[in-house]
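Keep the sequence and the 3D view open as you go.

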Amino acid sequence: MKTFYSEYREGSSYKKVACNVCGADSCKCIMRGDHHVFVRCNHCRLVFQNPQPLMCDLKNRYTYDYFEYEISNEKNFFGLMKLGLKDIGFDDIRPTDFSGGGRFLDIGCATGMLLDYMRAKGWNVSGVDICRESAEYGIAKRGLDIYIGSLHEARFDDSFFSIVHFSHLIEHVTDPRGLLEEVYRILEPGGYAIVTTPNIGGFQARLFGKEWRSAIPDHLYLFTKPTLSRLCGEVGFTVVRHITWGGLAVGTVPLWIKKPVDTLAKKFGFGDVMLFLVKKPAAALHGDTGRLSPPPVPE
């Protein structure tokens with residue numbers, strides 16, 4: 001079963017792009033859908049859509065239908081995020097370990113269930129989400145501080161946050177490198193970013209090919225552990241730990257097969273989803289990405 005994605009809209013605009021990791025423009029088509037094409041970079045092996053929809057069209061995908069999907073699945077998503085955070089050792093990190101009492105940002109925070117949980121654990125929380133309906137729900141129902149728009153549009157101060165978390169977001173953006181650079185800028189030295197995304201190097205992706213549940217029009221980039229590690233390192237992060245989980249999706253095989261495959265996928269790192277814990281070096285200087293002030297808001 002495919003992950004939820006928005007329907008194709010007539011009149012959508014697309015553009016050719018170079019590889020976001022290595023900058024090369026040499027690639028090979030590996031998967032083709034009705035209105036999208038995935039290619040693999042011939043140099044670094046990054047998989048991405050090419051051509052890609054423009055940001056002005058992408059914004060229109062995350063409306064009320066997406067909110068309904070988020071609200072109906074929020075408990076399940078929250079449970080998975082909690083398990084992932086526990087597995088990478090986040091439970092050992094305390095707000096008091098950081099200056100400012102520990103500031104936690106969730107990008108793509110949806111209805112804010114994770115933020116509500118983190119606030120109860122003592123973190124000073126903020127969120128960002130491009131889906132107005134989801135963000136307004138979190139603001140109204142949970143009293144959360146959520147910026148409606150993109151991370152770049154929020155224009156947070158340098159070195160402001162202790163933790164920046166984004167789950168199943170980096171594959172949706174037009175510029176993953178730019179996203180990570182902005183996360184690096186707003187993290188305090190010694191702060192952590194937590195990145196969760198589908199793993200196209202995993203067992204399910206290899207087994208199902210173009211029918212893989214994450215090979216959808218809304219996913220512009222599909223990372224492997226090597227491509228995401230390289231991109232994080234080039235931005236300036238140190239990869240502290242990474243894990244994967246999910247051997248086979250629910251409903252694809254009997255439960256007695258799924259359980260041992262899931263266990264093996266987690267143990268040997270060929271799971272369907274991967275989570276990276278990365279750190280901004282404690283010795284990082286203010287503005288050391290070359291951005292001494294918030295960057296211009298992308299058009």
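Q: Which residues in H2 meet Glu133, Ser134, Tyr137 and Arg142 in H4?
A: This is a predicted model, where local features need pLDDT of at least 70, side-chain atom pairs count only at pLDDT 80 or more, and totals for chains, interfaces and linings use all residues. Residues are numbered from 1 along each chain as its sequence is written, and side-chain values use heavy atoms, with hydrogens and water left out. Helices (H or I, at least four residues) and strands (E, at least two) are DSSP runs, numbered from the N terminus, and contact means heavy atoms within 4.5 Å. On the H2 side, the residues that meet those four of H4 are Tyr64, Phe67, Glu70, Ile71 and Glu74.

Q: At what angle do helix H2 and helix H4 pack?
A: Two packed helices are described by the angle between their axes and the distance between the axes. Axes are lines fitted to C-alpha atoms, for helices over the stretch in contact, and angles run from 0 to 180 degrees between N-to-C directions. For H2 (residues 64–87) and H4 (residues 132–142), the axes are 8 Å apart and the angle is about 50°.

Q: Which word describes how H2 stands to H4?
A: Angles under 35 degrees count as roughly parallel, over 145 as roughly antiparallel, 65 to 115 as roughly perpendicular and the rest as oblique. H2 and H4 pack at about 50°. That angle makes H2 to H4 oblique.

Q: How many charged residues are in the contact of H2 with H4?
A: Ala, Val, Leu, Ile, Met, Phe, Trp, Tyr, Cys and Pro count as nonpolar, Asp, Glu, Lys and Arg as charged, and the others, Gly among them, as polar. The contact of H2 with H4 has four nonpolar residues and one polar. Its charged residues number four.

Q: What is the hand of the crossing where H6 passes H8?
A: The axes of H6 (residues 176–186) and H8 (residues 225–235) come within 9 Å and cross at roughly 45°. The two helices are therefore oblique to each other. A crossing is left-handed if the near helix is turned anticlockwise from the far one by less than a right angle, and right-handed if clockwise. H6 passes H8 in a crossing that is right-handed.

Q: Which residues of H8 make the contact with H6?
A: H6 brings Pro176, Arg177, Leu180, Glu181 and Tyr184. By class, the contact of H6 with H8 has six nonpolar, no polar and three charged residues. From H8 come Leu231, Cys232, Glu234 and Val235.

Q: How many bridges join E4 to E11?
A: Two strands pair if DSSP finds at least two bridges between them. Val47 stands opposite Leu222 in E11. E4 (residues 47–49) and E11 run antiparallel, and the bridges joining them number two.

Q: Is Leu46 buried or exposed?
A: Buried means under 20% relative accessible area, exposed over 50%, partly exposed in between (1.4 Å probe, protein chains only). Leu46 sits in the loop between E3 (37–41) and E4. Leaving aside its neighbours within four places in sequence, its contacts include Val39, Tyr221 and Phe223. At 0% relative accessibility, Leu46 counts as buried.

Q: How far apart in space are Leu46 and Tyr221?
A: In sequence, Leu46 and Tyr221 are 175 residues apart. In space, C-alpha to C-alpha, the distance is 7.8 Å.

Q: What is the relative accessible area of Arg45?
A: Arg45 lies in the loop between E3 and E4. Its phi is near 80°, a positive value in a residue other than glycine. Arg45 is partly exposed, with a relative accessible area of 47%.

Q: Which residue does a cis peptide bond join to Asn50?
A: The omega of this bond is about 5°.
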